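Please open the structure in your viewer and keep the selection panel at hand.

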Amino acid sequence: MVDLKSQYEKIKGEIDTAIHEVIDSTAFINGPAVQQFQKDLELYLGVKHVIPCGNGTDALQVSMMALGLKPGDEVITTSFTFIATAEVIALLGLTPIVVDVDPDTFNIDPAAIERAITPKTKAIVPVHLFGQCSDMDAIMALAKKHNLYVIEDACQAIGADYIFKDGSKKKAGTIAHMGCTSFFQSKNLGCYGDGGAIFTNDDELAKQLRVVVNHGMTVRYYHDYVGVNSRLDSIQAAILKVKLPHLDAYCAARSYAAAYYSKAFANNPKIKTPVHFKNSTHVFHQYTLVLDGVDRAGLIEYLGSKGIPAMIYYPVPLHMQKAYLDPRYKEGDFPATEHLCKHVVSLPMHTELDEEQLALITSSVLEYVNR
Ligand SMILES: *Cc1c(COP(=O)(O)O)cnc(C)c1O
């Protein structure tokens, strides 16, 4: 699904030098590379504060901890996402309230959010799934009206632009009170291990986030809060510092591959190609089709026989996951999500796809679908 080796080979010199600099300095934790990358990312995103942390899941957890949410508080999120989003809500004793998605963009449906708001609701966590932003105009308006916090899960959308109704732009993850990202290796900006970050323009929240990621420590060995230990290590920061200037080119390479796919599948009645949400650019963390009248398992097997990987993101809606079963939900409650879980398939998507590979992948998909 990804080709990290070819991507590395193109920047090998810079990466190897950066890694060796950290090793030579022995500043493995909180070394200068961490602050440098943090500054570079703040500049790139146009956000006041980037708080690096251990991974994207921690970023989500820490952002909820920084808000001081209490057990029983309700957090509204999407039923069609990677589990991390709901996992941290549950871990903190908060109540995950799931709502359906827009069947075209796969992102959380603002009208469904509004219907789910109760006096216990404290926050909304939209996920910018597969690389394009949720409807942040609508979500921020709801948050304002009901006095709620919004935490963007931008783990799949770093580099995407949100275009507001008035034409102004902001980077994914910098629109709400806080935004979270992951530097997991296969993400659009991936490191060579684990990494993550939280973004905010709020000085007070930034201060609290830095306390929470560092054992709840305000003054050394004085712990005013229950915190966690969540750090981006210096080697990962050094790698990310090298890769960040390439991020826009990486996103462009993904968009090129996506356009190739979409052109090849255009007008095929059995294949629905990704629908662009008008208020966001798309950085194609995943390229995901919705099939109609195609044996999905058969297609994946057929592609596999030709050495082409294909994956299902995600096969099970949040409310049907065993660990998250809740009497308030049953099968059929979220028709858009449930339909997607049964009919989506994601094709290889990364920065190194060439014409030859794209031609093989598209012709193989069409061979199976049209037979
Ligand atoms: C990857 C991902 C996460 C978690 O990131 P990790 O760094 O793997 O912990 C959370 N949410 C979404 C939507 C993701 O894609």
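**Stop one: the largest cavity**

The lining of the largest cavity is made up of two nonpolar, six polar and four charged residues; here Ala, Val, Leu, Ile, Met, Phe, Trp, Tyr, Cys and Pro count as nonpolar, Asp, Glu, Lys and Arg as charged, and the others, Gly among them, as polar. This is a predicted model, in which local features need pLDDT of at least 70, side-chain atom pairs count only at pLDDT 80 or more, and totals for chains, interfaces and linings use all residues. Residues are numbered from 1 along each chain as its sequence is written, and side-chain values use heavy atoms, with hydrogens and water left out.

To see the lining of this cavity, select Val-2, Asp-3, Leu-4, Gln-7, Gln-185, Ser-186, Lys-187, Asn-188, Lys-243, Arg-254, His-350 and Thr-351. On a 1 Å grid over the protein atoms alone, a cavity is a set of points where a 1.4 Å probe fits but cannot get out, whereas a pocket is an open set with protein on both sides within 12 Å along at least five of seven lines; lining residues have an atom within 4 Å of a point. The largest cavity holds about 80 Å³ of space, where grid points are joined across faces, edges and corners and a volume is the space filled by probe spheres set on the points. The count of cavities of 30 Å³ or more is two.

**Stop two: the largest pocket**

The lining divides into 15 nonpolar, 11 polar and four charged residues. Its largest share, three residues, comes from α4; helices (H or I, at least four residues) and strands (E, at least two) are DSSP runs, numbered from the N terminus.

**Stop three: the ligand**

Now select the ligand, which sits in the largest pocket, meaning that more than half of its atoms lie within 2 Å of the grid points. Which residues surround the ligand? They are Asn-55, Gly-56, Thr-57, Leu-60, Phe-82, Ala-84, Val-127, Asp-153, Cys-155, Gln-156, Ser-182 and Lys-187, each with a heavy atom within 4 Å of it. Helix α4 (residues 56–66) gives the largest share of this shell, three residues.

Display the polar contacts, that is, pairs of N or O atoms within 3.5 Å. Ligand oxygen atoms lie 2.8 Å from a polar backbone atom of Gly-56, 2.5 Å from an N or O atom in the side chain of Thr-57 and 2.8 Å from a polar side-chain atom of Gln-156. The protein covers 91% of the 380 Å² of accessible area that the ligand has on its own, by the Shrake-Rupley method with a 1.4 Å probe.

**Stop four: two backbone details**

Select Tyr-313 and Tyr-314, which are joined by a cis peptide bond with omega of about 5°. Tyr-314 belongs to the loop between α11 (296–305) and α12 (335–343). Finish at Asn-147, in the loop between α7 (136–146) and β5 (149–153); although Asn-147 is not a glycine, its phi is positive, about 55°.

Conventions: Polar contact = N/O pair within 3.5 Å; in protein donor to acceptor, adjacent residues only side chain to side chain.
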